[in-house]
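The report below describes selected packing features of one protein model, moving from a pair of helices to the sheet and then to individual residues.

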Amino acid sequence: MSLNFLNFEIIRFDVLDSTNNYAANLIKASNPEEGVVILTNWQSAGKGQRGNVWQANASENLTLSVILKPEIRVRNSFQLNVVMSLAVLDTLKEFGLDAIIKWPNDIYVGNEKIAGILIENSISGDRIKYSILGLGLNVNQISFHQVNATSIAKCTGKNIELKAVEELILNHLKRSYLRLKMGQYATLKNEYYRNMLGFQEIRSYEDVSGIFDGVILGFDEQGNLKINVNQTVRTYAFKEVKFLFNSQNSSSID
Ligand code: BTN
């Protein structure tokens, strides 16, 4: 299999409510081939994780959704988070930025969030029929409502051509997706671990029973986070555990 296995077809908009929503409607209406990319300059109702909104200034950032047909089992769907997270990391590296992944799929530079990923799947039996990989990557925006947000421009001091970032993301995504298709998930996962916030390190977390220190051991097949707390392994699904930014002020980076 070569990189030609996937051709991107980009559909551009000035304004959309959400690129993920547009992709979902397109899938329902026309069963598209994989590789369709929905890109917009601005979203009026951008969606984030946990029902949050994703806000990004018009024409300053990358907001896109990629439609894939990965033919993987539903229980393996976290593989797509790994594929997209690594594509973002590889892209940021091209700008000299050493980013980290905050499980499950936030990308940080230092203590500030630079990108978020929202993956939505349509399922048939135990397989993923379609996957929508939504990405919001802050590129040229300098000031944010959120306190802990950053962008490529803020980190590098340079204004960046959006088109260049778009091309890098899509190229790196093609590469990491090809690696998944070629059965190299174990190496992709190790790469995720190497760049994962808190991996094999003592940090503070919070769950329903309170604040605790633990060491991330990795995640299981379904993407559930495994944390070693006093020699007991705790397993967390999305939203069940909060990373505390630093134990001194306990600010969270949820
Ligand atoms: C998060 O960090 O909470 C995830 C943010 C995902 C935002 C992107 S922007 C493009 C795509 N369309 C959406 O409505 N959301 C995702």
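The axes of helix α2 (residues 78–93) and helix α5 (residues 185–194) approach within 10 Å of each other and cross at roughly 60 degrees, where axes are lines fitted to C-alpha atoms, for helices over the stretch in contact, and angles run from 0 to 180 degrees between N-to-C directions. That angle makes α2 oblique to α5, because angles under 35 degrees count as roughly parallel, over 145 as roughly antiparallel, 65 to 115 as roughly perpendicular, and the rest as oblique. The crossing of α2 past α5 is left-handed, meaning that the near helix is turned anticlockwise from the far one by less than a right angle. On the α2 side the contact (heavy atoms within 4.5 Å) is made by F78, Q79, V82, V83, S85 and L86, and on the α5 side by Y185, L188, K189, E191 and Y192. Sorted by class, this contact of α2 with α5 comprises seven nonpolar, two polar and two charged residues.

This is a predicted model, in which local features need pLDDT of at least 70 and side-chain atom pairs count only at pLDDT 80 or more, whereas totals for chains, interfaces and linings use all residues. Residues are numbered from 1 along each chain as its sequence is written, and side-chain values use heavy atoms, with hydrogens and water left out. Helices (H or I, at least four residues) and strands (E, at least two) are DSSP runs, numbered from the N terminus.

Turning to the sheet, seven strands form an open arrangement with mixed pairing, in the order β1-β2-β3-β7-β6-β5-β4; two strands pair if DSSP finds at least two bridges between them. The edge strands, each pairing on one side only, are β1 (9–16) and β4 (100–102). Neighbouring strands of this sheet are turned against each other by 20 degrees on average, with direction ignored. Helix α4 (residues 162–181) packs on the sheet, where α4 touches β1, β2, β3 and β7 (127–137), and the direction of α4 makes about 30 degrees with that of β3.

Strand β3 pairs in the antiparallel sense both with β2 (residues 36–43), over four bridges, and with β7, over seven bridges. The following residues stand opposite each other in these pairings.

| Residue | Partner | Strand of partner |
|---|---|---|
| T40 | T63 | β3 |
| I67 | I132 | β7 |

Seven of the seven residues of β3 are buried (under 20% relative accessible area, with exposed over 50% and partly exposed in between, for a 1.4 Å probe and protein chains only), so β3 is largely enclosed by the rest of the structure. Both of its faces are covered, with L62, L64, V66 and L68 buried on one side and T63, S65 and I67 buried on the other.

In strand β2 lies I38, which counts as buried at 0% relative accessibility. The C-alpha atoms of I38 and I160, 122 residues apart along the chain, are separated by 21 Å.

N138 is found in the loop between β7 and α3 (152–156), and at 4% relative accessibility N138 counts as buried. Leaving aside neighbours within four places in sequence, N138 is in contact with W54, N61, K113, I114, F144, T150, S151 and I152.

Conventions: Ala, Val, Leu, Ile, Met, Phe, Trp, Tyr, Cys and Pro count as nonpolar, Asp, Glu, Lys and Arg as charged, and the others, Gly among them, as polar.
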